[in-house]
Amino acid sequence: MFDTIEILLILIPLMPLGATVATAVLGAKILRGQSHWPTIVAIGLSCLMSLALVLKVSGESKPATEHADTHAAGTHAIGYEKTVTLWSWAAVEDAYDYDSPVGDSVYQGDFRINIVLRADPLTAIMLAMVTFVSLLVAIYSVGYMHDDPGYWRFFTYIPLFVFSMTMLVSVSNFVLLYVFWEAVGMCSYLLIGFWFQKPEAAAAGKKAFLVNRIGDFGFALGLFLLWTTYGTLDFHDTIVSGQVQSLGIFGQTMLATPGAYVTGGVGTAICLLLLLGACGKSAQFPLHVWLPDAMECPTPVSALIHAATMVTAGVYMVARCTPLFQASTDAQHVVAFIGGFTALLAALIALTQTDLKRILAYSTISQLGYMFLGLGAATLLGITAGMFHLFTHAFFKALLFLGAGSVMHAMGGVIDVRQFGGLRRLMPKTHWTFLFGSLALAGVFPFAGFWSKDIILAAVHEQAEVHPLYEWLYLAGLFTAFLTAFYTFRAFFLTFYGKERIPKEAGHHAHESPLSMTGPLMILAVCALVVGAYFELTHGFAGFLERTPSIAYLGTIAHEAAGHAAGEGNHLVVAIISTAVALAGIGLAVLLYLIRPGLRDGLTRAMDAVGLYRLSLGKFYFDEIYNALVIVPIRAGAWLCYWIDRTLVDGLVNAVGLFPMLVGAGLRPLQNGMVQFYAMAMVLGLLVLIGVLLM
Amino acid sequence: MYSEVAILQNYLVVGALLFGIGVIGFLSRRNMIVMFLSAEMMLQGVSLSLVAWSRFHNDFGGQMLVIFIIAVAACEAAIALALVLMLVRRTGKLDVVVWGELREDNQLPFEEADLPEPPTEPCEPWPTLTPAGVDPKLKPEQTDCRPNV
C-alpha cells in the first residue's frame with residue numbers, strides 16, 4: 001500500500017506522538033524516574049528513520065534517474081517531491097471559482113484540507129536535523145532534569161514538541177502548516193513556563209506566546225490572501241489518474257509556468273505577512289523580544305527551542321515559500337534588511353549581557369538574522385546558504401546551550417558570568433566542547449559556522465551588484481561577524497578562564513556533569529567541527545537541497561546563470577575577509593579578558609560616555625519601548641472598557657432588571673394570604689363577566 | 001295552573017339562592033369546614049339550575065353533567081376533608097386566618113378585630129325544665145302569681 005518513503009514519513013512524527021501519549025498515561029504513576037525511556041526510544045527511532053529518509057530521498061532524487069512518474073506525464077519535473085495523502089480532514093465543495101494563473105482553464109475551487117505529508121530534500125534535511133538534535137537534547141535532559149518533580153511532565157512535553165516540529169516540516173498544506181505552527185508555539189509555551197512556580201518563568205511563557213501571536217496573526221492574514229489569490233493552500237499538485245485535479249502553490253504546474261506567481265502589491269503583501277509570521281517564530285526584529293526572556297526554561301529546552309524545534313520554523317517557512325518571495329523584489333529586500341539589521345542589533349546587545357544563557361539567546365537571534373539575510377539574497381546560493389547556516393547552527397547552538405546548561409548544573413543554577421570563572425580545570429569536557437561551539441559560532445576555519453556564514457556573506461556580496469542595499473548589509477554582516485567572535489569569546493573566557501571562582505550556591509554540585517550530559521556534548525562538538533566542512537566540500541548539502549521543488553525553481557529562472565561563474569574567486573575573498581574579521585574579534589576578546597583586563601574598564605568608560613554601553617546593556621530598551629507604546633495604551637484601553645462595561649452596560653442591564661421588580665412590588669399586596677380575599681376577587685370577576693355578558 | 005316557564009323560574013330562584021348563600025358563607029366564615037360546606041352549597045345551587053334547565057329543554061345532558069358533578073364533589077370532599085384534617089393537626093385550629101402566613105413576605109399580617117365586649121349586667125337565666133315527678137322550685141313571687149297551679 002505504502003512504499004518505503006511513505007512509511008518513513010508517517011512513522012517519523014508518529015513515534016514522538018506515541019511517546020507523548022505513553023508518558024502522559026504512564027508517567028505519573030508507573031514510569032516516574034524512568035519517564036525518559038519512551039521519549040528517547042521514540043526520538044531515536046525517528047532519528048534513524050529520518051536518516052534513512054534522507055538517504056532514500058537523496059537516492060531517488062538524483063537528476064540522472066527519471067522519477068517523473070509522480071508528476072504529470074511528459075513534463076520535466078522541477079526538483080523532487082513525493083507526497084502521501086492520509087485522509088481528508090475537511091472539504092467544502094465549490095467554495096470558490098477562480099481563474100487559474102496557469103493557462104486559461106477555470107478551476108472549481110473545492111476547499112480541501114487533506115492530511116498530506118511530503119518528502120523532498122528540504123523536509124528530509126529538516127527532519128534529520130530536528131530529530132538528531134532532539135535526541136541528543138533528550139539524552140542530555142536525563143542527567144539535567146533528574147530529581148525534578150516534573151520529570152515525567154517534562155518528558156511528555158518534549159516528544160510533543162518534536163512531534164509538532166516534525167509535522168510542521170513535513171506537511172504539504174498551508175493550513176496544516178499553520179496548525180503545527182501553533183502547536184509548536186503551544187509546546188514552547190508549556191516548556192518555557194515549565195517551572196511555572198517561578199513568576200519570571202510564567203511571565204516569560206506568556207510573553208513568548210503573546211509575541212508569537214502577533215506574528216501568527218500576520219501569518220494567518222497571509223494565508224487568507226494566498227487563498228484569495230491562488231485559490232489553493234496546498235503545496236503540491238493533486239493528481240488524479242494522470243490529470244492535474246487541483247493546483248498547488250509550489251506544485252509542478254505553477255513552478256513550470258512563467259509569471260504564475262503574483263507580483264506587485266498583492267505579491268509583496270503576501271510575502272510581508274508571511275514574513276511577519278516568520279519574524280514572530282524566528283525571533284526577528286521587531287518581534288525578537290520573547291527569545292531572551294525564554295531563558296527561564298530548563299536549559300535543554302532552550303537548546304531545543306534555539307537549535308531544532310522552534311525558531312527554525314520561520315526560516316523553514318520562508319525557504320519553503322521561495323517562489324513567492326522570488327516574485328517580489330521589495331519583499332526580498334525587506335527580508336534581507338530585517339535579517340541584517342537583527343543580526344547586528346542582537347550582536348550589539350549580546351556584547352554587554354552578563355547572563356550566559358542570555359548571551360547565547362542574543363547570539364541565536366543574531367544568527368537567525370544571518371539566515372534571513374541569506375534568504376533575502378534570494379539567489380540559489382543565498383537560499384541554500386541560509387538553510388545551510390540553519391543546519392550547522394543547530395549543532396553548535398545546541399552544543400553551546402547544553403554546555404551552558406552543564407555549567408549551570410555544576411554551579412547550582414547560577415548563570416551570571418560575573419559570579420564564576422576559571423572553570424576549565426573543574427569541567428574539562430564542558431570546557432573543550434564549549435570551545436568547539438564557540439569557534440563554530442565565531443566562524444573560525446574549519447568549524448561549521450565558518451562555512452555557512454561565509455556562504456551567506458558571499459551570497460549577499462554577490463547581490464550587491466543588483467541593489468546597493470546588499471552592499472550595506474554585507475558590511476553589517478561582516479561587522480556582526482566581528483562582534484559575534486568577540487562576545488562569544490568574552491563569555492567563554494569569563495566562564496572558563498581567569499581565577500577559579502565558584503558561587504556558594506554550587507555546593508557539592510561543583511564537578512563535571514555525568515556522562516548522559518557530556519556524551520551529547522561530545523557528539524555535538526564533533527558535529528560542530530565536521531558538518532560544515534564535510535557538506536560544503538562535498539557540495540552535498542546545497543546539491544541536495546537544490547532538488548527541492550520550490551528551491552529548484554530558482555534554477556529555472558534565467559537571470560541566475562550570469563553572475564554565478566564569477567562567484568568562486570569572489571567567494572574566496574569573502575572567506576578570507578570574514579575569517580580575518582572573526583580572528584580580530586577573538587583577538588580583541590583575548591586582549592581584553594586574558595592579557596590586559598585593565599583595558600576593559602577604560603573601554604567601558606569610553607563607550608559609556610557616548611551612551612553605547614548603557615544602550616547595549618539595556619537591550620536598546622525594546623522592552624521599555626514596547627511597554628510604553630503597546631502595553632500601557634492597551635492597559636488603558638482595557639481599563640476604559642472595564643469602566644464602560646461596569647457603569648454603562650451593567651447599568652442598562654440593571655435598569656432592565658429593575659422593571660419586573662417594580663411591577664412585582666406593585667402587585668405584591670394582592671398576595672396577602674387571606675383566602676376570603678382571593679375568593680372575593682373571583683366573585684368580583686364573575687360579576688364583571690356576567691355584567692359584560694348581559695350588556 | 002303553572003306554566004313550564006314558571007316552574008323553571010322557581011327552580012332557578014332556589015338554585016340562585018343556594019349559590020348566593022354559599023358565596024356569602026364562603027366569604028364571611030373563617031371556619032374551614034363551614035367554608036367547605038358553603039362551597040358545596042354553591043355547587044348544589046349550580047347543579048339544581050342544571051337539572052332544571054335539563055328538564056326544561058328535555059335534554060339529559062344537564063342531568064348527566066350533574067351526576068358527574070356529584071361524583072367529582074364526592075372525591076373533592078374526601079380530599080378537602082383530608083386536607084382540612086391535616087391543617088388542623090398542624091396548628092390545632094380550624095381558623096383559616098392562621099394560613100395567612102403564606103402571604104408575600106412584606107405584606108402586613110391579618111389583624112384580629114377586637115370583639116365587642118360581653119354585656120356586663122347579668123342576663124336573665126334561661127328557663128329550665130324540672131325533671132318529672134319533682135315539685136318545681138318556684139320563686140316566692142311566682143307562687144304568688146300562680147296560686148292555683
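Helices (H or I, at least four residues) and strands (E, at least two) are DSSP runs, numbered from the N terminus. The model is predicted, so local features need pLDDT of at least 70 and side-chain atom pairs count only at pLDDT 80 or more, while totals for chains, interfaces and linings use all residues. Residues are numbered from 1 along each chain as its sequence is written, chains are lettered from A and ligands numbered from 1 in the order in which they are written, and side-chain values use heavy atoms, with hydrogens and water left out.

Q: Where is Cys321(A) found?
A: Cys321(A) is in the loop between α11 (312–320) and α12 (322–326) of chain A.

Q: Why is Cys321(A) called buried?
A: Buried means under 20% relative accessible area, exposed over 50%, and partly exposed in between (1.4 Å probe, protein chains only). Cys321(A) has a relative accessible area of 0%, so the residue counts as buried.

Q: Which residues is Cys321(A) in contact with, leaving aside its neighbours within four places in sequence?
A: Contact means heavy atoms within 4.5 Å. On that basis Cys321(A) is in contact with Phe174(A), Phe250(A) and Leu274(A). The C-alpha atoms of Cys321(A) and Ile249(A) are separated by 9.0 Å, and these two residues are 72 apart along the chain.

Q: What makes the span of α18(A) close to the expected one?
A: The expected span of a helix is 1.5 Å times one less than its number of residues. Helix α18 (residues 468–496) of chain A has 29 residues and reaches 42 Å from its first C-alpha to its last, close to the 42 Å expected.

Q: How many residues of α18(A) are buried?
A: In α18(A), 23 of its 29 residues are buried, and the helix is mostly covered. Gly498(A), with a positive phi near 80°, follows α18(A).

Q: What makes β3 and β4 of chain A a pair?
A: Two strands pair if DSSP finds at least two bridges between them. Strands β3 (residues 238–240) and β4 (residues 243–246) of chain A have three bridges, in the antiparallel sense, so they pair. The bridge partner of Ile239(A) in β4(A) is Val244(A). The hairpin of β3(A) and β4(A) has two residues between the strands, and Ser241(A) takes a positive phi near 40° there.

Q: How many helices and strands are there in chain A, and what share of its residues count as buried?
A: Chain A has 27 helices and four strands. Of its 695 residues, 56% count as buried.
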